[in-house]
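Here's a quick briefing to read with the model open beside you. Take a look at the structure first, then work through the notes below.

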Amino acid sequence: MQVIVQIIYSDKEISSELEEYRDSLEKIGATVFLVPTGEDITCVQKSQLIRLLAHYFPFIHDNDIIVTADVDAFVMTEDLYKPLTLDRVSLKLFVLLGNT
């Protein structure tokens with residue numbers, strides 16, 4: 001399993017706190033991308049697009065499982081991982097909604 005964290009930021013420069021946070025995530029094995037919002041798109045829109053287009057990363061393979069979440073989506077129950085136990089041949093997309 002590989003954990004990929006994409007952090008969208010709107011400041012002109014990467015803060016030392018953000019660099020420290022990135023470093024701490026990388027030390028425990030995560031791959032971290034710091035992504036600036038840019039001038040033509042809001043932080044929220046860019047975050048949504050990045051989650052929708054995550055399957056286009058060159059290191060993502062056809063049989064990989066991608067779990068995406070917003071910053072405020074914490075794993076509170078085992079229900080979040082139910083898609084991982086389903087028949088992957090018939091499963092193309094699983095959208096989990098609600099307070100999980």
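Tyr-9 sits opposite Pro-36 in strand E2, and Val-5 faces Val-32 in E2. Behind these pairs are 6 bridges that join strand E1 (residues 4-9) to strand E2 (residues 31-36), with the two strands running parallel. Two strands count as paired if DSSP finds at least two bridges between them. Keep in mind that this is a predicted model: local features need pLDDT of at least 70, side-chain atom pairs count only at pLDDT 80 or more, and totals for chains, interfaces and linings use all residues. Residues are numbered from 1 along each chain as its sequence is written, and side-chain values use heavy atoms, with hydrogens and water left out.

**Overall layout**
- The protein has 2 helices and 2 strands, where helices (H or I, at least four residues) and strands (E, at least two) are DSSP runs numbered from the N terminus.
- Going along the sequence, you get the pattern β-α-β-α.
- E1, helix H1 (residues 16-27) and E2 form a right-handed β-α-β unit; right-handed means that, with the strands pointing away from the viewer, the path from the first strand over the helix to the second runs clockwise.
- Of the 100 residues in the protein, 14% are buried (buried is under 20% relative accessible area, exposed is over 50%, partly exposed is in between, using a 1.4 Å probe and protein chains only).

**Around helix H2**
- Ser-47 belongs to helix H2 and is buried, at 16% relative accessible area.
- A polar atom of the Ser-47 side chain lies 2.9 Å from the backbone oxygen of Cys-43.
- Leu-53 comes in the segment after helix H2 (43-52), and counts as partly exposed because its relative accessibility is 45%.

**Nonpolar patch**
- Leu-49, Leu-52, Leu-53 and Tyr-56 together make a nonpolar surface patch of about 450 Å².
- Patches are built from residues with over 30% relative accessible area and no salt bridge; like charges are joined within 9 Å, and nonpolar side chains (Val, Leu, Ile, Met, Phe, Trp, Tyr) within 5 Å.
- Accessible areas come from the Shrake-Rupley method with a 1.4 Å probe, and for residues only the protein chains shown count as cover.

**Salt bridge**
- How many salt bridges turn up in a search of the whole structure? The search finds 1, with a salt bridge being a side-chain nitrogen of Lys or Arg within 4 Å of a carboxyl oxygen of Asp or Glu.
- Arg-22 and Asp-23 are the partners, with 3.3 Å from N to O.
- Asp-23 is partly exposed, at 32% relative accessible area.

Technical notes. Polar contact = N/O pair within 3.5 Å; in protein donor to acceptor, adjacent residues only side chain to side chain.
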